[in-house]
Amino acid sequence: MLIRIALKQQTVGVIALALVVAIGGVLNTLAFVQIAGTTPAERAAFAQQMTLLGAQLSYMLPVPVRIDTLAGYLEWRWFGTLVVIFGIWAAISASGSGRGDEERGLVEQWLAAGVGRARYLITRVAVFAAVAIIVIGAMQLSILLSADGEPLAGGDLFAMGFNLLATTLCCYGIALVIAQLVTTRRAAGGIAAGLFIALFLINGAGRTADVGAARWLSPFYLFERSRPLTEGGALDPLGIGALLGAGVVLLAIGVVTFARRDLGGTALPGTSRESRGTRSPSRDPLLRLPVLGPLRQQRIWVAAWLVGFVALSASLISITRTIVDSLTSSEVPFLRAYFERAGLSVYDSFVGVIWLSTATLLLSVYAIIQVASWSADDAEGRLATILSAPVSHTRVILERLATLLVAVGLIAAASSVAVYMVAAGQGITLDGGRVALAATLLLTIPFAFGSIGQFVAASRPRMAVVALSAVAVFSYFVQQFVPLFGWPDWVANLSLYTLYGAPMSGDIKWAGVAGLVGIGSVATAASLVALRRRDVGA
Amino acid sequence: MKDLAIETKDLTKDYGNGRGIFDLGLSIAEGEVFGFLGPNGAGKTTTIRLLMGLIHATRGSARIFGLDCDHDAVAVKRKVGYCPGELPQFGGWRGSEVVAYVAGLRGDVKDAAITTLAERLDLDLGRKYREYSHGNKQKLALILAFMHQPELVILDEPTTGLDPLVQQEFYGIVRDARTRGATIFISSHVLSEVEHVCDRVGIVREGHLATVSPLEDLVGMRAFRVEIDFADDVPVDRLKRVEGLDQLVVTDHRATGLLRGTFEPLMAAVAGTRVVGFTSREPSLEEIFLTYYR
């Protein structure tokens, strides 16, 4: 019964993730032939240039090996990224098992029904492992089926899948232990995701600098030690052993800690409940103001995003010169033309591309998280409380969007200032007006995502996050693969990210911006109709 | 004649399979305290959510102070305070932040009124919502319902989770609201609960309104489920002659039945026997229905 319920809770997410990684695997496999060419000479030239590029991108991706082969390309480009996605998935899932179900009172119900604590958590871990195997298996199958004669051994791919599984379970163990130390799912997931990003950056730094033994703390380093796909490569016993060993120990710590701590409490000693002992309402005037009230309650969350995004923007811009110099020195005409077409050959354009492409992705993720909380408002009775006050459905819809846009506006503004200043420090002169305009236009992305999400949340709240994530993934894939496959513009314009364009690299695509505003406006109007018609809490 | 605070005509919400509320016709005058009684699943919460405009009627209409509950929802809620049966979740918000936020949404709330209610209900607003017990969450919901001194208060099983002392304080708050002229609509599944404060009571069962009566008529329905354990044989003949004792069942040395009216005839009937156990409890509404509305 426990297993069935745990599986049922994850069904939609598992299907969605399996589809995403399978499609991603296929597209990357097909893309290899497109960009690497088919003759040995073309592939040798491709490998030479990508090795140079890979060396410059080593802060993000592993150093490429045998990139003239599909196996080497997938190991570098696809699995190097995928391991981070699986790490974040593990963080989300473990925080849900270790804290989310407890917040919703489900754990109490299970324990009251006679289920042991250890059995409960071990079942959740086992179900996650089974699901991870299914997802990885689906991806491996899709890659093998689309390899189209390229040499790629099934056994090697299986070994890579095993390496990915071990890393994912290790990440799950880390997040499960963190979930025992805090009291909310949001805190557990946020801390785990932040820690994984830090461990990812430590590993990245370790590729070009000496970070000492710290690198061994990163599961991404342990993952990277194995190179089973490339010719002559294999699973690294030390890396795999450390991942499996750490995973087992962390999962055991998580289970034992859960068994010993109070439900609703943390495993940390001395964290007592604090009360300000008052009978009066809060005197903070912000709480009573539209938009600022909800924003005030999210202040720590918004501040964390702001600081994190500013730091990320600054670090990306700080390496602009190095990367652009590498790209523009390419001796392969195709690659040089590709980089020029993508706006990656001039410093200020590159700043725009690298900053804005990251910003659009992250801000859409921010919008998806907000939509998740709107869906929860309905399920957890907050929407009914709000509508029990003299508040119209229109105000609910518009206030949510306004809150989202104000938060994103703050994050984008801070990030644009950081980009401008760090670029100046690098000797790169940016057009301040264009930076400000690009940052302002960034608002169209969360507006479109938020409005679409609001419509789904108003119609089918439980589907909102999945549907909006599908829009984001689809938009990302279209944006990434249209240039590689030479698909027509109308296909490219199906991506919300493509509609935003690259406002610092050329003319602003006002039609695309208008498209985003139009999508947002139509979705907002549809949300109003949907929320008015639907029974709240149904 | 007083104006109507609540008026429903043929109000229906049909969820299928006989679930929901059907053809509800209610007229509740201003200043009245009305109890809405029914077993679990009878349609009480559905009725309340229709009145609050949170769900839409399949057919029929509901009006509050002459305003349509669906189309004039915002205007209606300026006059209404609401305590839901299922409490919302506010996670890490402190109680003081929740009341300030909802007060901001209403815009017509005096802080002193909140403080007075928190003191009467003995609720610490400094704690985080997730740390509140069920009873404390219920107290907070009651503060949100009464804090703006509404003309109509709609309460869905409001005493759930409250200890007896706080329940008495709650009845006091209801009486005070009534004194200043407010109309109160209370749903419950326990007859004795509405006896404390209500003028009239409507009883709903399986989605249909069974009766609307003044409270005194319903008090005549009061009955007790009694169980008597005898050391020796049960005096069956004497028990059968007890006035008001129905549904008598005798097994071994135990007799059970439903007693209406006073206990005196029963006590007289068992006098002289060796009674080793005697329990009485209020019957559930379902048992009352089985007795009175078959």
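**A walk through chains A and B**

A:Thr208 belongs to helix H7 of chain A, which covers residues 185-208. The model is a predicted one. A:Thr208 counts as exposed because 12 other C-beta atoms lie within 10 Å, and the cut-off for exposed is 12 or fewer. In sequence A:Thr208 is 150 residues from A:Ser58, yet the C-alpha atoms of these two residues are 7.5 Å apart in space.

Further along chain A there is a pair of packed helices. Two packed helices are described by the angle between their axes and the distance between the axes. Here the pair is helix H18 (residues 444-459) and helix H19 (residues 464-485) of chain A, whose axes come within 9 Å and cross at roughly 145 degrees. The crossing of H18(A) and H19(A) is right-handed. On the side of H18(A), the contact is made by A:Phe449, A:Ile452, A:Gly453, A:Val456 and A:Ala457. H19(A) contributes A:Ala464, A:Ala467, A:Leu468 and A:Val471. By type, eight residues of the contact between H18(A) and H19(A) are nonpolar, one is polar and none is charged.

Chain B holds eleven helices and 14 strands. Its C-alpha atoms fill a box of roughly 70 × 45 × 40 Å along the principal axes. Chain B has 294 residues, and 41% of them count as buried. Of the contacts in chain B between residues at least 6 apart in sequence, 69% link residues at least 24 apart.

Six of the strands of chain B form an open sheet with mixed pairing, in the order E6-E7-E8-E3-E9-E10. At the edges are strand E6 (80-83) and strand E10 (208-214) of chain B, each of which pairs on one side only. From one strand to the next, the twist averages 15 degrees.

Within this sheet, strand E7 (residues 152-156) and strand E8 (residues 183-188) of chain B run parallel and are joined by five bridges. B:Asp156 has B:Ser187 of E8(B) opposite it.

Helices lie across the sheet strands as well. Helix H1 (residues 44-51) of chain B lies across strand E3 (33-37), E7, E8 and strand E9 (200-205) of chain B, and runs at about 150 degrees to E7(B). Helix H5 (residues 134-146) of chain B lies across E6 and E7 of chain B, and runs at about 170 degrees to E6(B).

How values were computed:
Residues are numbered from 1 along each chain as its sequence is written. Chains are lettered from A and ligands numbered from 1 in the order in which they are written. This is a predicted model: local features need pLDDT of at least 70, side-chain atom pairs count only at pLDDT 80 or more; totals for chains, interfaces and linings use all residues. Helices (H or I, at least four residues) and strands (E, at least two) are DSSP runs, numbered from the N terminus. A residue is buried if 20 or more other C-beta atoms lie within 10 Å of its own, exposed if 12 or fewer, and partly exposed in between; C-beta atoms are placed from the backbone. Axes are lines fitted to C-alpha atoms, for helices over the stretch in contact, and angles run from 0 to 180 degrees between N-to-C directions. A crossing is left-handed if the near helix is turned anticlockwise from the far one by less than a right angle, and right-handed if clockwise. Two residues are in contact if their C-beta atoms, placed from the backbone, lie within 7 Å. Ala, Val, Leu, Ile, Met, Phe, Trp, Tyr, Cys and Pro count as nonpolar, Asp, Glu, Lys and Arg as charged, and the others, Gly among them, as polar. Two strands pair if DSSP finds at least two bridges between them.
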